[in-house]
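Please open the model in your viewer and keep the selection panel at hand. The stops below are meant to be taken in order, each with something to select.

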Amino acid sequence: MDGEILVYLTASCLAFSVIVLIALNVLIVQYRKLFKRYDAFMRGKDAETLEELILMQMDEVRDLKAEDRAMKEVLRGMKKSLRLSYQKFGMVKYNAFQGMGGNLSFAFAMLNEMNSGFVLNAVHSRDGCYLYLKDVEQGETEVLLGAEEKEALERALGYHDDYAG
């Protein structure tokens with residue numbers, strides 16, 4: 001029985017030694033790879049050139065941050081301009097005077113993001129064309145709108161999806 005234990009103990013030590021030997025070989029291979037990469041990185045470079053490289057990278061990062069701040073400021077200005085620009089439109093074509101032939105008159109609304117802008121009404125008659133401009137503030141007007149002007153404003157506000165004239 002003691003001989004059996006000795007055989008198992010010897011076999012276990014031998015298996016453990018083989019495992020340790022394999023692990024040691026793997027570590028040596030990994031160390032050599034790491035050393036080659038380190039040597040390639042450091043070849044031809046001294047502490048001064050590495051320091052210069054790091055300082056150049058820091059300067060480049062600083063420049064990029066300044067450029068980023070400037071671009072963000074430009075973008076803020078563009079967003080502000082966009083809010084103030086006319087971006088909502090509504091148009092209604094109509095016949096102002098029956099018997100004149102055709103829908104030559106129209107009402108046209110232009111609004112910005114805050115629903116402020118104007119309604120332009122062009123009334124075509126035999127004598128000429130008359131233009132009326134009415135201011136719009138936050139989707140409302142101080143003066144009474146005609147049916148066509150009101151419809152054009154509602155289209156600009158998105159209340160009507162169709163654009164039939």
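Predicted model: local features only at pLDDT ≥ 70, side-chain atom pairs only at ≥ 80, totals over all residues.

Residues are numbered from 1 along each chain as its sequence is written, and side-chain values use heavy atoms, with hydrogens and water left out.

Start by selecting L14, V18, I22 and V26, which form a nonpolar patch on the surface with about 360 Å² of accessible area together. Accessible areas come from the Shrake-Rupley method with a 1.4 Å probe, and for residues only the protein chains shown count as cover. A patch here is made of residues with over 30% relative accessible area and no salt bridge, nonpolar side chains (Val, Leu, Ile, Met, Phe, Trp, Tyr) being joined within 5 Å and like charges within 9 Å; a salt bridge is a side-chain nitrogen of Lys or Arg within 4 Å of a carboxyl oxygen of Asp or Glu. V26 is partly exposed at 43% relative accessibility, where buried means under 20% relative accessible area, exposed over 50%, and partly exposed in between (1.4 Å probe, protein chains only).

Next select V119 in strand β3, residues 117-124. Is V119 buried or exposed? V119 is buried, with a relative accessible area of 0%. Leaving aside residues up to four places away in sequence, V119 touches F108, A109, Y132, L133, K134, V136, E149 and L153, a contact being heavy atoms within 4.5 Å.

Now move to the loop between β2 (105-111) and β3, where N115 lies. Although N115 is not a glycine, it has a positive phi of about 60°. Most residues other than glycine have a negative phi. N115 is partly exposed, at 21% relative accessible area.

Then select Q138, in the loop between β4 (129-136) and α3 (147-157). Q138, also not a glycine, has a positive phi of about 50°, and it counts as exposed at 66% relative accessibility.

Finish in helix α3 with R155, which is buried at a relative accessible area of 3%. Show the side chains of R155 and E151, which are joined by a polar contact of 2.8 Å; a polar contact is a pair of N or O atoms within 3.5 Å, and within protein one must be able to donate a hydrogen and the other to accept it, with residues adjacent in sequence counting only if both atoms are side-chain atoms.

Terms used:
Helix = DSSP H or I, 4+ residues; strand = E, 2+ residues; numbered from the N terminus.
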